[in-house]
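Please look over the sequence and the model, then read the points below.

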Amino acid sequence: MTDEEYELVETTPSSDDYRRLRIAAGLSPKSAEAAAAGLPNTIYAVVIRKDGEAIGMGRIIGDRGLFFQIVDIAVDPKHQKRGLGKRIVHALVDHLHKTALPGAYVSLIADGEAHHLYSLFGFKPTAPRSIGMYLHFK
């Protein structure tokens with residue numbers, strides 16, 4: 001498959017695509033109710049489509065001034081190893097370079113070996129100065 005077969009579109013994924021891609025990529029599932037509440041608050045997002053089907057996505061969330069977080073980087077496993085994750089992150093980081101105010105802090109959580117991808121775009125581990133923490137409501 002060639003790169004031209006994949007179209008990167010600046011759009012927030014639909015709730016159905018969002019939920020399907022998270023599961024396909026091995027991320028935790030999210031309810032339709034949570035997706036309906038959260039997705040409209042996206043600052044910027046991209047979706048990669050092949051033959052009209054969403055096969056990859058990524059989003060930026062935050063307060064639009066001080067803090068941003070890159071989330072939901074997901075590519076359907078059938079389409080991985082083609083540089084699509086890199087295309088998604090590049091689009092998100094490029095958007096931040098164009099729009100973020102001086103002093104803005106951009107964070108993300110790198111699962112597994114994803115830190116190798118994010119380091120290509122200048123992201124650095126926060127440890128030992130700080131560590132990522134979370135609180136998950138079930």
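The structure is a predicted model. The count of aromatic pairs comes to 2.

**Phe67 and Tyr105**

- Phe67 and Tyr105 form an aromatic pair, with 6.1 Å from centre to centre and 65° between the planes.
- The arrangement of Phe67 and Tyr105 is edge-to-face, because planes over 60 degrees apart fall in that class.
- Distant parts of the chain are linked by this pair, as the two residues are 38 residues apart.
- Phe67 belongs to strand S4 (residues 67-75), and Tyr105 belongs to strand S5 (residues 105-107).
- Phe67 has a relative accessible area of 46%, so Phe67 is partly exposed.
- Tyr105 is also partly exposed, because its relative accessibility is 44%.

**Tyr118 and Phe123**

- The ring centres of Tyr118 and Phe123 lie 6.4 Å apart, which is within the 6.5 Å cut-off for a pair.
- The planes of Tyr118 and Phe123 stand at 75°, so this pair is edge-to-face.
- Both Tyr118 and Phe123 are buried.

**Lys50**

- Which strand holds Lys50? Lys50 is found in strand S2, which covers residues 44-50.
- Is Lys50 buried or exposed? Lys50 is buried, because its relative accessibility is 12% and the class takes values under 20%.
- The side chain of Lys50 is joined to the side chain of Asp51 by a polar contact of 3.1 Å.

Key: Residues numbered from 1 in each chain as written. Predicted model: local features only at pLDDT ≥ 70, side-chain atom pairs only at ≥ 80, totals over all residues. Heavy atoms only, no water. Phe/Tyr/Trp six-rings, centres within 6.5 Å; stacked < 30°, edge-to-face > 60°. Helix = DSSP H or I, 4+ residues; strand = E, 2+ residues; numbered from the N terminus. Buried < 20%, exposed > 50% of the residue type's maximum accessible area, 1.4 Å probe, protein only. Polar contact = N/O pair within 3.5 Å; in protein donor to acceptor, adjacent residues only side chain to side chain.
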